[in-house]
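Student: Can we go through this one together? I would like to start with the terms.

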Amino acid sequence: MDLYALRKKGDRILRKVVRVFLVVGIGPDFLTICSLLFAGIAAFFFWFSGKELYPWLGFAFLFLLVSSLLDALDGPLAREMKIASKKG
């Protein structure tokens, strides 16, 4: 499987999630704000971990993962709502 085929599968999954956000009424700006919030929480857990890495670093990873997923969804959602701009 090449990267193009993998991207096509990922795009299909993203489109399904975007449709859910459209039905619920969540906009791309809200996703961007939530993404920044989750990234900030991840940074806090990373900073808080100090010498005891195990539990806090795991929380940081989970919040960073959610932040990345939300960041990946805001662009396709804006394009689907036809409010995308050249600046993003």
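Tutor: Contact means that heavy atoms lie within 4.5 Å. Helices (H or I, at least four residues) and strands (E, at least two) are DSSP runs, numbered from the N terminus. The model is predicted, so local features need pLDDT of at least 70 and side-chain atom pairs count only at pLDDT 80 or more, while totals for chains, interfaces and linings use all residues. Residues are numbered from 1 along each chain as its sequence is written, and side-chain values use heavy atoms, with hydrogens and water left out.

Student: OK. How many helices and strands does the protein have?
Tutor: There are three helices and zero strands. From the N terminus on, the order is α-α-α.

Student: What do the buried residues of helix 3 pack against?
Tutor: They pack against helix 1 and helix 2.

Student: And which residues of helix 3 are buried?
Tutor: Ala60, Ser67, Leu70, Leu73, Asp74, Leu77 and Ala78. Buried means under 20% relative accessible area, exposed means over 50%, and partly exposed is in between (1.4 Å probe, protein chains only).

Student: How much of the whole protein is buried?
Tutor: Buried residues make up 19% of the 88 residues.

Student: Which residues make up the largest nonpolar core?
Tutor: Val18, Phe21, Leu31, Cys34, Leu70, Leu73 and Leu77, seven residues in all. A nonpolar core is a set of buried Ala, Val, Leu, Ile, Met, Phe, Trp, Tyr and Cys residues joined through side-chain atoms within 4.5 Å.

Student: Which helix gives the most to this core?
Tutor: Helix 3, with three residues. Helix 1, helix 2 (28-49) and helix 3 each supply at least two.

Student: Take Leu70. What does Leu70 touch?
Tutor: Leaving aside residues up to four places away in sequence, Leu70 touches Leu31, Cys34, Ser35 and Phe38.

Student: Ser35 is a serine. Is Ser35 buried or exposed?
Tutor: Ser35 is buried, because its relative accessible area is 7%. Ser35 sits in helix 2 and touches Ser67, Leu70 and Asp71, again not counting residues up to four places away in sequence.

Student: Where does Asp71 lie?
Tutor: Asp71 lies in helix 3. With a relative accessible area of 46%, Asp71 is partly exposed. Asp71 and Pro28 are 43 residues apart in sequence, yet 9.1 Å apart in space, C-alpha to C-alpha.

Student: Change of topic: rings. How many aromatic pairs are there?
Tutor: Nine. Rings of Phe, Tyr and Trp (its six-membered ring) pair if their centres lie within 6.5 Å; planes under 30 degrees apart count as stacked, over 60 as edge-to-face and the rest as tilted. Phe48 and Trp56 form an edge-to-face pair, 5.0 Å centre to centre with 80° between the planes.

Student: What about Trp56 and Phe59? Why is that pair tilted?
Tutor: The planes of Trp56 and Phe59 are at 50°, so the pair is tilted; the ring centres are 5.9 Å apart. Trp56 and Phe59 are three residues apart in helix 3 (residues 53-80), so about one helical turn separates them. An α-helix has 3.6 residues a turn, so residues three or four places apart point the same way.

Student: How accessible are Trp56 and Phe59?
Tutor: Trp56 is partly exposed, at 26% relative accessibility. Phe59 is also partly exposed, at 37%.

Student: Which residues do ring pairs link into a cluster?
Tutor: Phe38, Phe44, Phe45, Trp47, Phe48, Trp56, Phe59 and Phe63.

Student: What comes just after helix 1?
Tutor: Gly25, with a positive phi of about 95°.

Student: And what follows helix 3?
Tutor: Lys82, whose phi is positive, near 60°, although Lys82 is not a glycine. Lys82 is exposed, with a relative accessible area of 73%.

Student: Last one. What radius of gyration does the protein have?
Tutor: The protein has 16 Å, whereas a compact globule of 88 residues would be near 12 Å. The radius is taken over C-alpha atoms, and the globule rule is 2.2 Å times the number of residues to the power 0.38. The C-alpha atoms fill a box of roughly 45 × 35 × 25 Å along the principal axes.
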